[in-house]
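Here are my notes for a first look through this model.

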Amino acid sequence: MEKRVRVRFAPSPTGPLHMGGVRTALYNYLFAKKHGGDFLLRVEDTDQGRYVPGAEAYIIESLKWCGIEPNEGVGYGGPHEPYRQSERKPMYRAYAEELIAKGWAYYAFDTSEELDAIRKHAEAAKMPNWQYNSISRMTMKNSLTLPEDQVQARIANGDPYVIRFKMPRNEEVRFHVIIRGWVVFSSNELDDKVLFKSDGMPTYHLANIVDDHTMEITHVIRGEEWLPSAPLHGMMYRAFEWEAPQFAHLPLILKPDGNGKLSKRDGDRLGFPVFPLEWKDPETGAISSGYRENGYFPDAFINMLLLLGWAPGNNQEIFTREEMIEAFSIERIGKSGSKFDPEKTKWFNQQYLRMTPREKLADLLMPFIRSNGYSVSKEYAMQVCDLMTERAVFVADMMQGTYLFEAPKTYDADAVSKKWKKGESGALMTEWSGVLGTLEPFTSEEIESRFKQFITDKGLGMGAVMPLFRLMLTGTLTGPAASAVAALVGKEEVQRRIAAGVAALES
C-alpha cells in the first residue's frame, strides 16, 4: 500500500519569515494538496540563543495571510503533538543514546576553550580547515579514547559533554535527491557533527531526523542551503535503520541583478519588501516593510512566488489556487537560482486588481476613501473602481483621483500656461457649461456626443477644447475620460467646477 504523502514546513523562530521561506512553504503545501496528503508546521526552536520573541506568531500569521495554512502542526494540533521542538526535548536524548549503543555516536568531553585552542594552533600551522572527524577524534577526549570507567565517572560527576555522530572513514556516500539527481560525497570530507549539546538540547541534525521519522514525513522539500547536510542526514537514517524520506532542495531566490542570494537587508535597501508582513524588530524597533502593508493581494504574492523557480511548461502566468495545485510538480522546479523582479511583482498585483469583482474592490477602497475624509456610498465607490482600476497597481492608487471626491483646489501650472487663453478659454468653457445644463440624461455617452457636436459647431479641434474641460474637472490633463468623470460627479457639480475654474484662471 502506497504511503500517504506527508510534508512539513519547519522554520526556526529567529526573526521574520523571508519570502524564500514562504516559497518553501508554498511548494510543500501544493505538493501535499496535489497528492491528497498532509502539510505540517513544525517550529524548530532548539537554538534557544537565537530565539526572537514574536517570530513564531509572525510565521503563523504570515501563512494564514498567504492562504497556505497547514492541516497539522503548531497552532493546528494533530496526532504527533507537540510540534514545537523545545517541547519535545525529553525524547531526543534516548535517540542519541541509541546511536551510541549501536556504535554510531560517542560522548565528547572536549571544552569549547580546548577546541578553540586546537583550531588556532591548526591555523598557525597553515591548516585552517581543522575538523573534529574520523582522524582527529582519536586524539581528543571522548568515549572512543578514554577508558569506560573514566567515561562513566565523568558523566556521573556532571562533567559537561556533547554527543557526536561517528562518521565512518573511507566511504562513498551516494544518495538521490529530486531536482538535482545523484549526489556523491566521500565520508572523509564530513566531520563528526554534534547531535546533542551540553545544555541538554538536540542540535538541528538530530531533532530534524527524529521528528521527520516520528511524524512520518515522506518528502523533505527545503532550500538548497541544506544540501550540504544531506549526506549526514542520509548516514543518520542508515544508522537508525530507518527508511529515509525523499529529499528535494529548492534553488535560491537571487537579487534583482542576479548577483547572490536575496537577503533580508536587500528589500529596504532597494525599495521593495522581502517579508510577507511588516516586521518590527523587538530589540531595535526597526521596521521592515511587508507585502500585506504595501497593498499586495496575497494571491498575487503567492502567484509571483510560484513562478520564482517553478515553470508550468507553457506560457501561463496567472493561476488560481486550484490551477496551482493541479499543475504543480517538483520535477518542474529548476536547478538554478531565480532572479527576483520587483516590477514583475507589481504586474502580478495589477492583474489581480483587475480580476477582483468591483463590489469587493469597492469594499477594499472604502477605508481609503474614509481615511482621506470623504463620505460616499458603496455604489459611488464601485463607479470610482470602474474608472480607476485600469490605471492602478494597488487599491490605494485609485485615490490619486481625488477629483472624483472633491473639486480641484489647484490647476496644473504647465497645462494652464500651454492651454489656457484668458478671455477666450473662459468664454468657451462658460458656453460649454450652458450646453451641459441642457443634457438629459447626464451620461458619459450623452456628454461625449454633445461635446463632439459642440466643437464641430465652433469649428474647433478636440485638442483645443478637451484639455480645457479636463482642467476644469480635475485640475490636470491626465486621468480617465472627462465625460466619464463628469457623469460620475454629476451635472450640478460639473457646472460648479467650471464656474470656479473659470473664475480662478481668468482672475
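1. Arg496 counts as exposed, with a relative accessibility of 54%, whereas Glu493 is buried at 18%. The cut-offs here are under 20% relative accessible area for buried and over 50% for exposed, with partly exposed in between (1.4 Å probe, protein chains only). The two side chains meet in a salt bridge, 3.1 Å from N to O; that term means a side-chain nitrogen of Lys or Arg within 4 Å of a carboxyl oxygen of Asp or Glu. Both residues sit in helix H19 (residues 491-506), three residues apart, or about one turn of the helix. Helices (H or I, at least four residues) and strands (E, at least two) are DSSP runs, numbered from the N terminus.

2. A word on the ground rules: this is a predicted model, so local features need pLDDT of at least 70 and side-chain atom pairs count only at pLDDT 80 or more, while totals for chains, interfaces and linings use all residues. Residues are numbered from 1 along each chain as its sequence is written, and side-chain values use heavy atoms, leaving out hydrogens and water.

3. Back to the salt bridges: the count comes to 38. One of them pairs Arg42 with Asp212, where the closest N and O atoms are 2.9 Å apart. Arg42 lies in the loop between S2 and helix H2 (55-66) and Asp212 in helix H6, so this pair ties together parts that are 170 residues apart in sequence. Both Arg42 and Asp212 are buried. Salt bridges with shared partners also join Arg8, Arg42, Glu44, Arg88, Asp211 and Asp212 into one network.

4. Next, look at Asp386 and Arg358, whose side chains form a salt bridge at 2.7 Å, N to O. This pair links distant parts of the chain, with Asp386 in helix H13 and Arg358 in helix H12, 28 residues apart. Asp386 is partly exposed at 46% relative accessibility, and Arg358 is partly exposed at 35%.

5. While you are at helix H13 (residues 378-388), which of its residues are buried? They are Tyr380, Ala381, Met382, Val384, Cys385, Leu387 and Met388. Their cover includes helix H12 (358-371) and helix H18 (482-489).

6. There is an open sheet of three strands, in the order S1-S2-S3 with parallel pairing. Strand S1 (6-9) and S3 stand at the edges with a single partner strand each, so one side of each has no neighbour in the sheet. Strands pair if DSSP finds at least two bridges between them; S1 and strand S2 (residues 38-41) are joined by four. Phe9 stands opposite Leu41 in S2.

7. Now the open spaces. A pocket is an open set of points on a 1 Å grid over the protein atoms alone, where a 1.4 Å probe fits, with protein on both sides within 12 Å along at least five of seven lines; lining residues have an atom within 4 Å of a point. Volume is the space filled by probe spheres set on the points, which are joined across faces, edges and corners. The largest pocket holds about 1,100 Å³. It is lined by 39 residues, and the closest to its centre are Ala10, Pro11, Ser12, Glu225 and Trp226. Helix H1 gives the most to this lining, with four residues.

8. The second largest pocket has a volume of about 310 Å³. Among its 14 lining residues, Lys3, Glu216, Ile217, Thr218 and Glu243 are the closest to the centre.

9. Finally, some backbone details to check. Most residues other than glycine have a negative phi, and most peptide bonds are trans. Asn170, however, has a positive phi of about 60°; Asn170 is in the loop between strand S5 (162-165) and strand S6 (172-178) and is exposed at 57%. Glu241 also has a positive phi, near 65°, and lies in the loop between helix H7 (230-240) and strand S10 (246-250). The peptide bond from Glu81 to Pro82 is cis, with omega near -5°, and another cis bond joins Glu440 and Pro441, with omega about 0°. Pro82 is in the loop between strand S3 (72-73) and helix H3 (89-101).

Conventions:
Contact = heavy atoms within 4.5 Å.
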